[in-house]
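Please keep the sequence and the structure in view while reading.

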Amino acid sequence: KSPLIGLSEDDLFRLAHGRTGSLWAALGSAAGDDPVLAAAQNRLADWRRIADTMPPYEFFARVLGRDGGRRAFFARLGREAEEALDEFLALALDFERTAPATLQRFLAWLGATAPVIARDQDRRRDEVRVMTVHGAKGLEAPIVFLADTCSPPGPRNDPVVLKLAPSDDRAAETILWNTGKADRTALHEAAIAAARKRDEEEYRRLLYVAMTRAGDRLTVCGHVGKTGVPERSWYALVRNGLEARCTPKPFPGADEPALVFRTTPRRPVKPKAAAAATAAEPPPPWLKAPVPAAMPEARITATGPAPTGRDISAPARRRAARRGELIHRLLESLPELPEPARARAGARYLVAVAGDFDDGERAAVLEEALRIMAEPAFAAAFAPGSRAEVDLYGSVEIGGRRVRAGGRVDRLAVTDTGVLVVDFKTSRRVPDTAAEADRASLLQLAIYYRLLGDLYPDRTITAALIFTAAPKLVPIPAALLDAVLDDDGDEQAALDADRWRS
């Protein structure tokens, strides 16, 4: 009956009914009197002759190509079959690359693996498609018919092998052979009841999947057996639960009507009502207001002051910058680890990324980072729950003008009562007091302070600089941060701050 042979139901009945031997023997006996059966016998005989000598891909390529199998599939199933045939040939070709290329091995592998080919269904095709509910998952169609809705799971679906869940006297899952009803034990009955419950739940889940495939109209059909509609069937569940929402549609000769559900289209707004609504609601004032001028942007990216007091060569500056980057990275990541593991993790990291430093230099970098984290004055910055490299952006007033500003906070700790913001500085020049810190660093921290104040108006904001060279934590008073933001000359410092590097 495959498109490759194409026998009809009548042809197959004449051939198979009442035979005493195999179907192939019956075909050979009847082929002489029937040209249709003769053509089928000749084609199958040719394929049987070459099946033992051709690799799987070559065999099926001939069946689908030279022997017209592809055209026959298209004639019956449409062009949609092309992708499945191509994937089938691709499976045969892949199999030949990894295993002995015999047809018997290929068919055994295909049956054992049961590959599934997922494809995006084309909803624009003008056709009626018949599929299982499992196959329809993820798809939608304007009109959906549920044809077989009166076959709930029952004893015929009981598994041959039953599974017993672990219990007090069974440490692992156990399997049990299903027997006839007369030989069943309490264990059998419990396992069968559990299996039927699972089948029932899956049956109801599939009903939900089936009903939600329809975009516009759903028709639930069914048939009445000798005992009527089963109460646990899809049809009964839909009829009993949603009868008020559907339109019953009787069919000639049917005992039960089909249940038709249809989505209700939106009612169009009447032109007069739309005009009245427009007249009653004038456009908001902002619609005609001029667009405000773009807010200037302050780019704050500095991590420390420019070296002063002595001339430092370019290689030395690059070396110092590289050292500062490594310390920053360690201070960002190591606090996330338990304290005993930090030294080992830091050493492994430096070996992996700092090949341009010798062992002594790497040890000094790690020692400095660990000393900073161990300092009691810095404990809150590295406490559990604190965060590293936090981006902050917003608008603040600098020198009386509101500008957009932001940057990346080195360390941020937020508690129920307060917020601590810390910026690391690797400059060798360490100030004695907050007032002696360079203005660019203070402005950078002042912007973080103001932005966090807007985010957490009910908490105390504390800001500080950590100079890794000392190490030393320098708290910055709120009054000093406010003064930096109010200074008319510091807006340009904000715009120029990205020139400075530690």
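Which backbone oxygen does the side chain of Arg342 reach? The side chain of Arg342 reaches the backbone oxygen of Leu337, at 3.2 Å.

## Basis of the report

The model is predicted: local features need pLDDT of at least 70, side-chain atom pairs count only at pLDDT 80 or more, and totals for chains, interfaces and linings use all residues. Residues are numbered from 1 along each chain as its sequence is written, and side-chain values use heavy atoms, with hydrogens and water left out.

## A buried arginine without a salt bridge

Arg342 belongs to helix H12 (residues 339-353); helices (H or I, at least four residues) and strands (E, at least two) are DSSP runs, numbered from the N terminus. Arg342 is buried but has no salt bridge. Buried means under 20% relative accessible area, exposed over 50%, and partly exposed in between (1.4 Å probe, protein chains only). A salt bridge is a side-chain nitrogen of Lys or Arg within 4 Å of a carboxyl oxygen of Asp or Glu.

For Arg342, the nearest side chain of opposite charge is Glu339, 4.9 Å away; here Lys and Arg count as positive and Asp and Glu as negative, while His and the chain ends are not counted. Leaving aside residues up to four places away in sequence, Arg342 touches Leu334, Pro335, Leu337, Leu370 and Met373, where contact means heavy atoms within 4.5 Å.

## Salt bridges

Side chains of opposite charge can pair when their charged atoms come close. The count for this structure comes to 25 salt bridges. One of them joins Arg62 and Asp46, whose closest N and O atoms are 2.9 Å apart. This pair links distant parts of the chain, with Arg62 in helix H4 (residues 56-64) and Asp46 in helix H3 (residues 35-51), 16 residues apart. Both Arg62 and Asp46 are buried. Another salt bridge is formed by Arg323 and Glu368 (2.3 Å, N to O). Arg323 lies in helix H11 (residues 314-333) and Glu368 in helix H13 (residues 359-374), so this pair ties together parts that are 45 residues apart in sequence. Arg323 is buried at a relative accessible area of 18%, and Glu368 is buried at 4%.

Glu332 and Arg329 also form a salt bridge, with their closest N and O atoms 3.9 Å apart. Both residues lie in helix H11, three residues apart, about one turn of the helix. Glu332 is partly exposed at 27%, and Arg329 is partly exposed at 34%. Elsewhere, salt bridges that share partners join Asp46, Arg49, Arg62, Arg66 and Asp67 into one network.

Which residues of helix H15 (residues 478-486) are buried? They are Leu481, Val484 and Leu485. Viewed down the axis of H15, the buried residues fall within an arc of 95°, so they line one face of the helix; the arc is that of the directions from the helix axis to the C-beta atoms. The face of H15 turned away from this buried side carries the exposed residues Ala479 and Asp486.

## Cysteines

The structure holds zero disulfides, a disulfide being a pair of cysteine sulfur atoms within 2.5 Å. The sulfur of Cys221 is 9.7 Å from the closest cysteine sulfur, that of Cys150, which is too far for a bond. Cys246 is buried, at 10% relative accessibility.

Conventions:
Polar contact = N/O pair within 3.5 Å; in protein donor to acceptor, adjacent residues only side chain to side chain.
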